[in-house]
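Visitor: Could you take me through this structure, starting with the sheet and then moving to the helices and individual residues?

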Amino acid sequence: MDLQPVNFQETNLHVGLTRLIRKFQAHAETKINVNSKGEVVDLPSETCYHVYHIVQEALTNTLKHAAASTVVITLHFLPSAVNIIVSDNGQGFEIGKIGQTHQPDTHLGLQNMLERSKLIGAKMEIKTEISRGTSIFLSIETGVSC
């Protein structure tokens with residue numbers, strides 16, 4: 001797929017992620033549902049770039065490994081944060097095994113996602129359970145509060 005990131009100096013995170021999700025939907029048998037809540041908040045283009053790649057990796061992992069029939073992506077725009085959840089109903093995995101194999105490239109995608117979240121000061125959490133799916137939670141503080 002042609003999944004080059006959008007130029008975030010010309011658009012916002014919501015538009016960029018919507019384009020990304022449409023590209024995945026066009027090439028995937030897995031159903032992808034998107035929920036957006038709240039008023040879109042502008043984030044710095046560097047932050048958008050890393051969030052884009054985190055969501056891209058989450059979708060790629062789901063479509064490659066999860067054997068999920070459905071993925072739900074929730075974008076929740078709050079005055080003080082942007083929360084993104086990517087959840088699937090796939091096979092899940094053992095989170096404790098990340099980085100414990102002898103194959104150096106195993107789970108690099110998850111490790112890259114965690115590193116990207118640290119670079120932008122975001123909080124990222126992975127919840128997964130065998131036969132019940134996986135959820136990636138990402139929270140980015142916007143610095144704006146009511």
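Predicted model: local features only at pLDDT ≥ 70, side-chain atom pairs only at ≥ 80, totals over all residues.

Visitor: Which order do the strands of the open sheet have?

Guide: The five strands are ordered β1-β2-β3-β5-β4, and their pairing is mixed. Strands (E, at least two residues) and helices (H or I, at least four) are DSSP runs numbered from the N terminus, and two strands pair if DSSP finds at least two bridges between them.

Visitor: And which are the edge strands?

Guide: They are β1 (31-37) and β4, each of which pairs on one side only. From one strand to the next, the twist averages 10°.

Visitor: How many bridges are there between β2 and β3?

Guide: Seven bridges link β2 with strand β3 (residues 81-88), in the antiparallel sense. Within this part of the sheet, His-76 has Asn-83 in β3 as its bridge partner.

Visitor: How many join β3 to β5?

Guide: Eight bridges do, and these two strands run antiparallel. Ala-81 is placed opposite Glu-141 in β5.

Visitor: What about β4 and β5?

Guide: They pair in the antiparallel sense over seven bridges, with Thr-128 opposite Thr-134 in β5. The two strands form a hairpin that has three residues between them.

Visitor: Which residue in that turn has a positive phi?

Guide: Ser-131, with a phi of about 70°. Ser-131 belongs to the loop between β4 (123-129) and β5 (133-141). Its relative accessibility is 63%, so Ser-131 counts as exposed; the term means over 50% relative accessible area, buried means under 20%, and partly exposed lies in between (1.4 Å probe, protein chains only).

Visitor: Where is Ala-67?

Guide: Ala-67 sits in the loop between α2 (45-66) and β2 (70-77). With 66% relative accessibility, Ala-67 counts as exposed.

Visitor: Now the helices. How are two packed helices described?

Guide: The description uses the angle between their axes and the distance between the axes. Here, helix α1 (residues 13-27) packs with α2 at an angle of about 20°, and their axes are 10 Å apart. That makes α1 roughly parallel to α2, a term for angles under 35 degrees; over 145 is roughly antiparallel, 65 to 115 roughly perpendicular and the rest oblique. The axes are lines fitted to C-alpha atoms, for helices over the stretch in contact, and angles run from 0 to 180 degrees between N-to-C directions.

Visitor: Which residues meet there?

Guide: On the α1 side they include Leu-17, Leu-20 and Phe-24, and on the α2 side they include Val-51, Val-55 and Leu-59. By class, this contact has eleven nonpolar, three polar and no charged residues. Ala, Val, Leu, Ile, Met, Phe, Trp, Tyr, Cys and Pro count as nonpolar, Asp, Glu, Lys and Arg as charged, and the others, Gly among them, as polar.

Visitor: Where does α3 lie?

Guide: Helix α3 lies across β4 and β5, and runs at about 150° to β4. Ser-117 is part of helix α3 (residues 108-119).

Visitor: Is Ser-117 buried or exposed?

Guide: Ser-117 is buried, as its relative accessible area is 3%. Residues up to four places away in sequence not counted, Ser-117 touches Ile-54, Ala-122, Met-124 and Leu-138, where contact means heavy atoms within 4.5 Å.

Visitor: Last one: is Thr-74 buried or exposed?

Guide: Thr-74, in strand β2, is buried, with a relative accessible area of 14%. Apart from neighbours within four places in sequence, Thr-74 is in contact with Asn-35, Lys-37, Asn-83, Ile-84 and Ile-85.

Key
Residues numbered from 1 in each chain as written. Heavy atoms only, no water.
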